[in-house]
Amino acid sequence: MIYYISVGENNSKASGKARLDIERVFHRLGFTPFGELSYEDSYKKIQKLRHIREFVIAEHRWMNIVKGMQKNDVLIIQHPMASSITVYRAIKALKKKGTRIVLIIHDLYSLREKQNLNNPYYRLRDFSLLSICDVVISHNTHMTDVLVSHGINKD
């Protein structure tokens, strides 16, 4: 089956509109939402790792996603997601199970506010995560060029 991580209807602000638009397309295509990770809430709280409770909730939700996926299932994730280390570990576990991962990129942490693309923190949040996915979809040629220049396979 083809699943996607739902970001929830409460993400209707401009930052969540593209994600919701993509979810509507997934719904029309008959894809199945799996879990709900509130991008807006988790981005504000978990990214800064100040709120341990929210971090633990995200860990628990991702582990439930891992448990629910089967071999040959496809899971579509929209990036960026908060708590990239948790997402990275979950994707590694899903890959061991034989689940295929498709990542749709809205933005890259390493391109925001002119961050240093060689900073290990941003490389983990972006390029290490992208490199373990089966399919990476970027929205424009500039982003594709940046990905390729940092080792992501264009195919």
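Colleague: What should I keep in mind about the model before reading any feature of it?

Modeller: The model is predicted, so local features need pLDDT of at least 70 and side-chain atom pairs count only at pLDDT 80 or more, whereas totals for chains, interfaces and linings use all residues. Residues are numbered from 1 along each chain as its sequence is written, and side-chain values use heavy atoms, with hydrogens and water left out.

Colleague: How many helices and strands does the chain have, and in what order do its elements run?

Modeller: Helices (H or I, at least four residues) and strands (E, at least two) are DSSP runs, numbered from the N terminus. Here the chain has six helices and five strands, and from the N terminus on the elements run β-α-β-α-α-β-α-β-α-β-α.

Colleague: What share of the residues is buried, and what share of the contacts comes from residues 24 or more positions apart?

Modeller: Buried means under 20% relative accessible area, exposed over 50%, and partly exposed in between, with a 1.4 Å probe and protein chains only. Of the 155 residues in the chain, 45% are buried. A contact means heavy atoms within 4.5 Å, and among the contacts in the chain with a separation of 6 or more, 76% are between residues 24 or more positions apart.

Colleague: Which strands are joined by bridges to S3 and S4, and which residues are partners?

Modeller: Two strands pair if DSSP finds at least two bridges between them. Strand S1 (residues 2-6) runs parallel to S3, with three bridges joining them, and there Tyr4 stands opposite Ile76. Strand S3 (residues 74-79) is in turn joined to S4 by six bridges, again parallel; Ile76 has Val102 as its bridge partner in S4, while Gln78 stands opposite Ile104. Three bridges join S4 to strand S5 (residues 135-137), also in parallel, and Leu103 has Val136 as its partner there.

Colleague: Are the residues of S3 and S4 mostly buried or exposed?

Modeller: In S3, six of six residues are buried, and both of its faces are covered, with Val74, Ile76 and Gln78 on one side and Leu75, Ile77 and His79 on the other. Strand S4 (residues 100-105) has five of its six residues buried, so the rest of the structure largely encloses it.

Colleague: What span should helix H4 have, and where do its buried residues lie?

Modeller: The expected span of a helix is 1.5 Å times one less than its number of residues. For the 14 residues of H4 (residues 84-97) this gives 20 Å, which agrees with the 20 Å between its end C-alpha atoms. The buried residues of H4 are Ser84, Thr86, Val87, Ala90, Ile91 and Leu94. Down the axis of H4 they fall within an arc of 150°, so they line one face of the helix; the arc is that of the directions from the helix axis to the C-beta atoms. Just after H4, Gly98 takes a positive phi of about 95°.

Colleague: Which residues of H6 are buried, which are exposed, and what is found at its start?

Modeller: In helix H6 (residues 141-149), the buried residues are Met143, Val146 and Leu147. These cover an arc of only 100° around the axis, which puts them on the same side of H6, whereas Thr141, His142 and Ser149 are exposed on the other side. At the start of H6, a side-chain oxygen of Asn140 comes within 3.2 Å of the backbone nitrogen of His142. After H6 comes Gly151, whose phi is positive, near 95°.

Definitions and conventions. A polar contact is a pair of N or O atoms within 3.5 Å; within protein, one must be able to donate a hydrogen and the other to accept it, and residues adjacent in sequence count only if both atoms are side-chain atoms.
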